[in-house]
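Good morning, and thank you for the time on the agenda. I would ask that you keep the sequence and the structure in view while I speak.

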Amino acid sequence: MRKLRVFLIGAAFVVALALPTAGVAAKPVTVEKLYMPPTPAGTDTICGIDVTVVNSASGVFVEEANGAEIVAGTSTTAFTNPSSGKSITFTQSGVAKTSESVDNGDGTFTSIFTVNGTSPKIQIVGGQPIGIDTGSITFAITTDADGNFLGFDVVSVKGPRPAGGCDEIVAALT
């Protein structure tokens, strides 16, 4: 799985850098490597169980001159039940693309976001996955001229939506 993530991140980076030289897109405004080491994020409750939370992430971010963006990477959140010591992880990986903003003619703007990949794979630490959600989701975000959020619409969802949920999570954490 690690090799696949490295491949996806590397492939997205190569494509992002190759597009401008191929005359397909303008030169990127920004190309940044992203990395967040495992970082404690406090406590939370998942499926009625109090947990501690640790987040980590890595990837690459490319922003084109027209405002379009590509982010390729992976993020993991670990949830640990302090009472049992048992943990699960939620891992998301893939590529997210954002279109340039389109002027709707009424003082609002819309951007289209498409996320392809795994979101999330839920796994018992050191054990089997509880569920894996893969596929693609496209949604539209509407903002005002200042970039303030006005609305969110799901445009399409493709891929399996696995069964399971809190029953599996509670069993894994207790």
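This is a predicted model: local features need pLDDT of at least 70, side-chain atom pairs count only at pLDDT 80 or more; totals for chains, interfaces and linings use all residues.

The chain has 174 residues, of which 30% count as buried. Its secondary structure amounts to 2 helices and 8 strands. In sequence order the pattern reads α-β-β-β-β-β-β-β-β-α. As for the contacts, consider those with a sequence separation of 6 or more: residues 24 or more positions apart account for 50% of them.

Let me now take the aromatic side chains. There are 3 aromatic pairs in the structure. One of them joins phenylalanine 79 and phenylalanine 90; the ring centres are 5.2 Å apart and the planes stand at 75 degrees, over the 60 degrees required, so this pair is edge-to-face. The pair links distant parts of the chain, since phenylalanine 79 belongs to strand E3 and phenylalanine 90 to strand E4, 11 residues apart. Are these two residues buried or partly exposed? Phenylalanine 79 has a relative accessible area of 12% and is therefore buried, the limit being under 20%. Phenylalanine 90, at 21% relative accessibility, counts as partly exposed.

A second pair, formed by phenylalanine 113 and phenylalanine 139, is stacked, with 5.4 Å from centre to centre and 10 degrees between the planes. This pair, too, links distant parts of the chain: phenylalanine 113 is in strand E6, phenylalanine 139 is in strand E7, and 26 residues separate them. At 24% relative accessibility phenylalanine 113 counts as partly exposed, whereas phenylalanine 139, at 17%, counts as buried. Which residues do ring pairs link into a cluster? They are Phe113, Phe139 and Phe152.

I return briefly to phenylalanine 90 for its surroundings. Leaving aside residues up to four places away in sequence, phenylalanine 90 touches Ile46, Ser75, Thr76, Thr77, Phe79, Pro120, Lys121, Ile122 and Ile169.

The next topic is the largest pocket. Its volume is about 340 Å³. It is lined by 27 residues, and those nearest its centre are Gly73, Gln92, Ser93, Gly94 and Val115. Which strands each supply at least two residues of this lining? They are strand E1 (28-46), strand E2 (49-64), strand E3 (69-80), strand E4 (87-98), E6 and strand E7 (129-144). By residue class, the lining divides into 10 nonpolar, 15 polar and 2 charged residues.

Strand E6 spans residues 108-124, and threonine 108 is found there. Threonine 108 has a relative accessibility of 15% and therefore counts as buried. With which side chains does the side chain of threonine 108 make polar contacts? One partner is the side chain of asparagine 104, at 2.9 Å; another is the side chain of aspartate 106, at 2.4 Å. When residues up to four places away in sequence are not counted, threonine 108 touches Val102, Asp103, Thr142, Thr143, Asp144 and Leu150.

Glutamine 123 also has its place in strand E6. Its side chain is joined to that of lysine 121 by a polar contact of 3.0 Å. Beyond four places in sequence, glutamine 123 touches Ser87, Ile88, Thr89, Gln128, Pro129 and Ile130.

I close with a backbone detail. Cysteine 47 sits in the loop between E1 and E2. Its phi is near 55 degrees, a positive value in a residue other than glycine. With a relative accessibility of 26%, cysteine 47 counts as partly exposed, because that class covers values between 20% and 50%.

Note on methods:
Residues are numbered from 1 along each chain as its sequence is written. Side-chain values use heavy atoms; hydrogens and water are left out. Helices (H or I, at least four residues) and strands (E, at least two) are DSSP runs, numbered from the N terminus. Buried means under 20% relative accessible area, exposed over 50%, partly exposed in between (1.4 Å probe, protein chains only). A polar contact is a pair of N or O atoms within 3.5 Å; within protein, one must be able to donate a hydrogen and the other to accept it, and residues adjacent in sequence count only if both atoms are side-chain atoms. Contact means heavy atoms within 4.5 Å. On a 1 Å grid over the protein atoms alone, a cavity is a set of points where a 1.4 Å probe fits but cannot get out, and a pocket is an open set with protein on both sides within 12 Å along at least five of seven lines; lining residues have an atom within 4 Å of a point. Grid points are joined across faces, edges and corners, and a volume is the space filled by probe spheres set on the points. Ala, Val, Leu, Ile, Met, Phe, Trp, Tyr, Cys and Pro count as nonpolar, Asp, Glu, Lys and Arg as charged, and the others, Gly among them, as polar. Rings of Phe, Tyr and Trp (its six-membered ring) pair if their centres lie within 6.5 Å; planes under 30 degrees apart count as stacked, over 60 as edge-to-face and the rest as tilted.
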